[in-house]
Amino acid sequence: MSPELPFAYIRFDGERLSDDPHGPGRRLRIDARCVAGEGVQGAHAHVCALSNEDASLRYDEPEVQQARRDALDWWIPMLGDDLVCISTFALDESRCAGAVTVTTDPRRLDYDPFARLFPGTTVRADFFSRVPPPPGPVIERYSGAPWPAGSFGS
Amino acid sequence: MTDLLPGSRFPDLDLPDHTGRPRTLSEISGSDPIALLTSRGWWCPKEQRYMRELCRVQEEFEVAYAKIIVVSVDAPEVQSAFRAGLGARFTFLSDFERRWLEQLPLCEGTDTLHDPYRPAAFTLYPDLTINAAFNGYWFWGRATMEELRQEMRAITREIREDWEVPES
């Protein structure tokens, strides 16, 4: 039996986000836990990504690493209990297409450190489930998994 | 009372983190080794000095698939403020109710005002087996950053099957 994949697929067309892996828009890997449980109704998803298939950075680029450090340092603590889940978007073993931060209160989304990578778009979504935020300080990824998903056991 | 000796298993502490969310050691570990530090609290100048050292080494931990966890009796909101002031990106666990402190041989004892944890360090395998224990009651007894590096190397070498580069 093969181990469960640490990621699921969602779609983003620049304006709408869908948990239908065959829906319209760009296909992005997301931490599988974010779409595995009961959805939080009316949540606000801050999508820092573009629908353009070429829009990506390598996970090892300093700006991507720093955005993850900032997430662990102050972004997640700032959101507090409003945070529903957070995940970067992976395209493959090495490329990052941005990130999504899902909250119940959209007021602080302008501070999203991942918006330094790709511009943020706030959309309503009901399919994101609550996931404990990542414990620090690890910012490296497990092969192919969108940070903070995965482990060496998966 | 639990013995916390090398080779024994550290209890899977279930405590709120610095944001107040419930956590367990095993959840935080995932599949990674842990440097677990118990700390008197934010008020102690020795802790402030030592935590700054941990912040310096966190940049190595964050790229090396290993975790740093600090346990104290400070409330989550106090830990969160302390953490922010330090610039720490690792996890603090709050035993503000002293629920685990009463079960572990880690009470400072000589500080009846704060009733805190005694400074100590444990390096743990992902299954929470203790590889080494350090008694930091005296500052010089604490694990140095180089000792933590050596501990993480020893554990990682043992648990990562591809430590020796696989033949292509």
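This is a predicted model: local features need pLDDT of at least 70, side-chain atom pairs count only at pLDDT 80 or more; totals for chains, interfaces and linings use all residues.
Step back into the helix itself, residues 76–86 of chain B, and pick out its buried residues: Gln79(B), Phe82(B) and Arg83(B). Look down the axis and you'll see them on the same side of H3(B), because they cover an arc of only 100° around it. Now show what lies over them: the cover includes strand E4 (67–72) and strand E5 (91–94) of chain B.

Next stop, strand E3(B), residues 34–38. Of its 5 residues, 5 are buried, so the strand is largely enclosed by the rest of the structure. In a regular strand, side chains alternate between the two faces of the sheet.

E4(B) runs parallel to E3(B), joined by 5 bridges; zoom in on Thr38(B) and you'll find Val71(B) of E4(B) opposite. To follow the chain from E3(B) to E4(B), trace it through helix H2(B), residues 45–61; this β-α-β crossover is right-handed. Then bring in strand E6(B), residues 120–124, which pairs with E3(B) in the antiparallel sense, again over 5 bridges. Select Leu37(B) and its bridge partner in E6(B), Ala121(B).

Finally, zoom out to both chains. Chain A puts 16 residues into the contact and chain B puts in 19. Colour the chain A side by residue type: 9 nonpolar, 4 polar and 3 charged.

Key:
Residues are numbered from 1 along each chain as its sequence is written. Chains are lettered from A and ligands numbered from 1 in the order in which they are written. A residue is buried if 20 or more other C-beta atoms lie within 10 Å of its own, exposed if 12 or fewer, and partly exposed in between; C-beta atoms are placed from the backbone. Helices (H or I, at least four residues) and strands (E, at least two) are DSSP runs, numbered from the N terminus. The arc is that of the directions from the helix axis to the C-beta atoms. Two residues are in contact if their C-beta atoms, placed from the backbone, lie within 7 Å. Ala, Val, Leu, Ile, Met, Phe, Trp, Tyr, Cys and Pro count as nonpolar, Asp, Glu, Lys and Arg as charged, and the others, Gly among them, as polar. Two strands pair if DSSP finds at least two bridges between them. A crossover is right-handed if, with the strands pointing away from the viewer, the path from the first strand over the helix to the second runs clockwise.
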